[in-house]
Amino acid sequence: MKRKLKGRGVAASWYGIARTATIDRAGAWAELDDGGTAKVVTGVTEIGEGILTLLSQVAAEELGVRPEQVTIGDNDTARSPEAAHAGATRQTYMIGNSVALACREARSRLFDEMSKVWDVPVDDLRSFDGFLWAENTNKRITMEEAVDTCKKRGVVPVGSGSFTAHGTGLDPVDGTGSPWQAYVFGTQVAEVEVDTITGEVQVLGIWAAHDVGRAINPRGVEGQIEGGVVQGLGQALMEDYQTQDGHAVTHGFAKYILPTSLDVPQINSIVVEDPDPLSPLGAKGIGEPALVPTAPAVMNAIYDAIGVRIRDLPATPEKVLAALQEKRREAQTAA
Amino acid sequence: MPDLNIDFTVNGRKVARKVDPSRRLLDLLRDDLTLTGTKEGCGAGECGTCSVFVDGKLVKSCLMPAAKAQGADIETVEGLAAPGELTPVQRAFHKTGASQCGFCIPGMVMAATSALRENPNAGIEEIKERMGGNICRCTGYTKIFEAVEIARDVIAGKLPQTALNQDGAASSFIGHNTRRLDAPSKVSGRLKYAGDMDMQGMLHMQVLRSPHAHARIVKIDTSRAEALPGVHCVITSEDVPGTDGFGVFVHDQPIMARGKVRHVGEAVAAVAADTVRIAREATRLIEVEYEELPGLYDPEDALKEGAPVIHDYAADNVVKHIPVRKGDIEKGFAEADIILTDDFSTQQVEHAYLEPEAGIAYVDHDDVVTVISPSQNITHHRHMLSHIIDKPINKVRFIMSPVGGGFGGKEDMIYQGMLALAAMKTHRPIKLVFTREESFIASAKRHPSRTHYKMGLTRDGRITAIEFSMLSDGGAYGMSSEGVMRKAAILSCGPYEIHNLKVDTRVVYTNNTPSGAFRTFGGMQAQFATESMMDMAAEKLGLDPFEIRRRNMMKAGSLTHTQQKLNSASIGTVLEAAEKACRWESGAPTVRGETRGDLGGPDTRQPCTLGARFAEAATQIEKAKVAS
Amino acid sequence: MLTCDTYLMPTTLKDALQVWADAPEGSRLVAGATDILPWARDGRAGDVHLPCMVDITRVSELQGYEVQGDRVRLNANMVFQQFLEDETLIRLLPNMPYCAAWFADDQIRQQATLVGNIVNASPAGDGLPPVLTLNGEIELARLQDGAVVTRRLPVADFVTGPGRTELDAGEIATAVYVDAMEGYGGSFQKVGMRRSLVISAVCCAALVRTDASGKVFEDIRLSIGGIGPRPIRLHDIEEMLRGQEMTRELVAQASLKPAELVASRSRVEYRRAVTSGFVEAAIEDALVALGAPKPEPEQRETLNA
């Protein structure tokens with residue numbers, strides 16, 4: 001038998017977007033501000049997923065300014081509308097859409113005034129990248145000038161948005177219900193190398209195909225997939241919070257083992273876009289779903305490599321080697 | 001305590017300080033010099049958030065007594081570039097999106113900088129080794145590696161400076177790789193997390209935690225602690241003015257133990273004092289008399305007749321049971337050609353965000369009780385706190401500070417209540433920063449699970465019925481358990497249309513560390529079992545793993561396990577996308593690793609064998625020998 | 001949390017020995033200090049208060065190393081990273097760079113000392129197996145009537161058990177003497193729960209020299225850690241191989257032996273299983289370091305399987 005054996009495994013997955021089996025909601029305020037800048041107020045801040053950048057892109061797109069001209073605040077229950085929790089793969093879907101709606105309202109205030117100023121149908125107005133223009137005319141001004149004009153006419157271009165996701169509760173007896181209005185699906189393939197002397201498993205490659213609805217920031221989506229995969233890999237191979245009679249055995253990072261730079265596979269993300277028809281942006285989400293298929297894909301790959309099925313996570317070197325020896329013993333007994 | 005005089009240079013400026021000899025270099029930088037770009041993630045040298053250069057060598061400042069800084073030249077993340085500017089490494093991190101929560105990022109930037117200073121031509125394997133002491137929990141390291149390689153090539157002149165710029169303008173900002181707005185503040189260490197914040201007159205909190213898993217509290221005597229000079233208040237559950245209790249679904253957890261403790265590490269009392277050290281000393285002076293109770297440590301035991309009861313409201317120890325039924329499983333199994341049964345289990349998992357829990361509370365000029373913390377749910381937290389401290393909603397304010405990693409672990413209001421109470425009692429701002437060990441024992445984990453699985457299939461690989469039963473350990477408090485079980489049940493049988501199924505997910509109370517929300521919320525545990533079963537079935541039936549999944553997958557119009565009709569289902573598309581991308585060689589999963597032809601492609605990495613740089617150095621020595 | 005009343009940094013050995021001899025009971029001597037701070041935390045020793053910490057890293061006599069004929073004196077302040085970077089040491093101590101590459105991480109290696117690792121005497125301490133193969137002798141210094149006196153003893157005898165050594169009160173470990181092994185191939189095997197910043201479950205160090213033909217083990221030294229109360233040298237296996245023709249069968253046969261030596265209190269089965277494979281792999285890697293062709297993955301087989 002070779003010392004190091006490779007194999008591949010696949011796992012599929014699905015996931016629901018936003019809060020489960022309930023009505024989910026989020027609010028936002030937007031204002032086109034002086035100098036052609038913009039202000040967006042929501043009750044959320046960054047937990048690392050990139051929501052602030054994403055919201056600035058959404059606001060920029062909807063208002064006609066650039067992302068760096070958008071100021072996002074202010075994650076404060078006393079100063080901002082309800083955004084509720086930063087979890088449940090709901091930030092892009094819930095906050096993103098509420099910001100889009102708020103921006104549309106602010107923009108329509110501006111457009112209404114400009115259509116009167118220019119005497120053009122409001123539907124002919126467009127704005128992008130700091131400019132506002134009327135289609136099929138030579139009327140074109142900066143957003144700074146547009147906001148100034150609007151304000152001089154006595155109108156502050158503000159808007160608010162509220163977005164709802166209509167989930168329904170589950171029947172307490174048979175569980176029937178429509179917990180989410182948007183679903184995503186994913187598939188990951190893992191390639192592993194198993195060291196038959198030590199039982200170590202190295203994951204060398206992951207191919208992760210995930211439907212995200214619409215990728216508002218493709219790099220951000222990749223970042224979420226890569227982070228999810230490595231958390232999944234940690235759970236698959238090494239992480240294990242252990243207690244003895246309720247007392248933590250793994251009470252710090254010396255004993256609770258996390259993946260480091262040397263444990264990371266090459267991660268090949270494949271972003272699939274199946275837009276959500278029920279929301280303005282069409283985007284769904286990726287935060288949690290990216291983690292779901294990693295561990296089973298790795299276990300299926302270990303089986304492919306050495307014929308050992310790990311049913312109890314994590315597949316530590318000790319567990320893998322014990323299973324391999326058991327398999328050898330069985331083979332000897334059979335022979 | 002005698003003071004220690006230290007003279008040293010920090011970021012090019014001479015500094016002289018008189019410090020407590022117990023201080024570490026990390027404390028000296030953060031507390032005495034307010035250089036908070038250097039973070040404390042673990043205090044034990046295991047994470048690298050505190051990496052700084054000392055005389056040109058990168059070290060972990062949490063492992064270095066401050067005295068060792070005498071005469072040294074220290075460089076922190078704040079000193080890498082002039083204010084308002086970024087180094088090529090920092091710009092590359094910005095470009096690739098290498099920062100997510102950002103808490104590990106100052107340390108990562110330092111490690112990357114060190115790697116390239118030590119060897120400007122380092123290959124990716126060497127870079128990975130040199131950065132092996134810095135943990136990142138968000139990014140999966142991939143964008144970080146990409147950034148370091150770009151920075152290396154820009155510094156070496158192999159790539160133009162423009163390689164560090166944002167991707168070109170698009171016709172739309174949707175679908176554009178807009179660089180992260182928060183990245184400059186993260187790569188330069190400027191962003192203030194709750195633990196980095198300071199307020200005039202601020203006091204420091206330390207928490208006395210339960211040493212027992214299950215015990216009745218007979219008596220708490222705080223008098224000696226309160227008498228310690230520098231202590232401003234000691235709080236216990238007695239100080240709660242309103243209705244105590246928080247939780248995501250059931251409000252079963254008091255902000256500090258009330259009457260009994262239910263897990264090791266549960267907060268029992270808290271002290272606010274002038275310094276962390278005094279507060280810590282005071283916690284040791286609090287006398288708590290416990291009467292130990294029989295504990296529950298295995299979820300199966302929790303369901304046994306006569307088991308100890310953890311919460312009076314739940315005499316059977318069941319937090320939640322979620323049933324899902326569809327079709328007729330007996331009929332389904334009768335139609336099956338093969339029936340597979342198996343058992344799976346998953347472990348308890350720690351979120352391990354690099355930023356330990358931290359917060360500041362104060363009472364403002366309008367008598368608004370304000371809590372700043374990296375809470376993942378300020379909306380719900382203010383509702384709960386308003387009941388607990390008996391104030392109207394508009395007199396309770398939660399500000400969400402930048403979250404240094406959450407993953408669900410910061411949805412529970414496990415410390416904000418204590419901060420609010422102490423602020424109300426002292427009318428001083430109060431700050432609490434968990435140690436890593438505290439974070440481990442006091443915060444919720446991913447639910448460990450045991451799943452019994454029975455799957456029936458026809459010879460051509462169509463699933464006729466599934467019986468799925470999961471038991472999870474919720475630990476001492478309800479937290480998000482109910483929701484986790486619901487999601488596990490809804491998603492249980494995977495992205496497949498199953499006509500006959502019986503799914504039960506149950507979670508019980510034990511005296512283990514509580515389980516709560518964690519990225520996938522039960523979805524991972526359930527689908528690990530399902531996806532393992534799919535491959536085992538494929539092997540039995542001689543089917544390719546993609547093929548068996550396609551034969552069962554949901555489609556537009558399918559009824560989900562909870563009988564929701566789907567308008568669309570992209571599972572077919574993602575299966576095909578993954579299969580194509582990895583050049584999958586089709587075949588049944590019959591341990592064919594050795595014979596596969598699709599292994600080791602350019603889209604995989606080399607196996608890690610340590611010593612990449614040594615191998616390179618040896619090659620260089622050989623070359624030098626040959627040359628001479 | 002670690003607290004102390006005084007933190008002293010003497011600059012001469014004599015001063016260091018004096019302050020150490022005078023230090024109140026319960027004081028601690030530190031060099032890199034990378035172990036003591038993590039130790040004084042919840043879950044391990046908890047909060048610890050020390051009357052005095054004596055830091056020897058500024059002691060001038062304890063810096064650097066010195067080649068003395070066929071021995072190398074490694075002074076107490078030699079940190080692990082130096083074994084990865086110093087060309088002379090890479091040449092003379094061929095298994096140390098591999099050990100250093102596995103030891104903790106690049107940053108901790110800048111502070112953690114080899115002598116400190118030896119004195120800590122952890123059963124899984126990565127530094128011990130290579131030092132045993134290098135016939136390490138530790139030098140211990142103390143003050144006697146105002147003069148510095150030293151004694152030396154083999155590291156194999158100095159380390160008596162987990163965390164236990166022959167270090168006496170008032171003594172400071174000042175250096176370790178090791179064999180200069182130029183021309184040997186060195187290797188280091190380690191398995192833990194991951195590949196960086198991790199404690200060994202088992203580790204194994206080797207030094208191998210072949211004869212001119214490249215077919216006979218002229219000399220071989222092996223030692224293993226993580227399998228019992230202290231790392232041990234595998235003298236009997238060395239005897240089996242020394243002077244013998246290098247055959248796969250012989251190596252495999254020799255590799256089976258150390259499994260019997262596993263006397264750990266936990267994970268015994270795992271350690272036994274790994275140990276044999278490690279001895280074989282250590283020999284193979286040491287031969288590769290000597291210039292033998294790297295076995296193709298297909299050739300690299302476990303013979304005991």
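The points below are grouped by topic.

This is a predicted model, in which local features need pLDDT of at least 70 and side-chain atom pairs count only at pLDDT 80 or more, while totals for chains, interfaces and linings use all residues. Residues are numbered from 1 along each chain as its sequence is written, and chains are lettered from A and ligands numbered from 1 in the order in which they are written.

**Chains A and B**
- In chain A, 115 residues are in contact with 126 residues of chain B (C-beta atoms, placed from the backbone, within 7 Å).
- On the side of chain A that touches chain B, β1(A) provides the largest share, 11 residues (strands are DSSP runs of E, at least two residues, and helices runs of H or I, at least four, numbered from the N terminus).
- That side of chain A comprises 52 nonpolar, 42 polar and 21 charged residues (Ala, Val, Leu, Ile, Met, Phe, Trp, Tyr, Cys and Pro count as nonpolar, Asp, Glu, Lys and Arg as charged, and the others, Gly among them, as polar).

**Helices α2(A) and α3(A)**
- Helix α2 (residues 91-118) of chain A packs against helix α3 (residues 143-152) of chain A at about 85°, with the axes 9 Å apart (axes are lines fitted to C-alpha atoms over the stretch in contact, and angles run from 0 to 180 degrees between N-to-C directions).
- α2(A) and α3(A) are therefore roughly perpendicular (65 to 115 degrees).
- Leu110(A), Glu113(A), Met114(A) and Val117(A) of α2(A) meet Ala146(A), Val147(A), Thr149(A) and Cys150(A) of α3(A).

**Domains of chain C**
- The domain assignment, automatic or from a database, gives domain 1 (2-55), domain 2 (61-179) and domain 3 (185-289) of chain C.
- The contact takes 13 residues from domain 1 of chain C and 18 residues from domain 2 of chain C.

Technical notes
Two residues are in contact if their C-beta atoms, placed from the backbone, lie within 7 Å. Angles under 35 degrees count as roughly parallel, over 145 as roughly antiparallel, 65 to 115 as roughly perpendicular and the rest as oblique.
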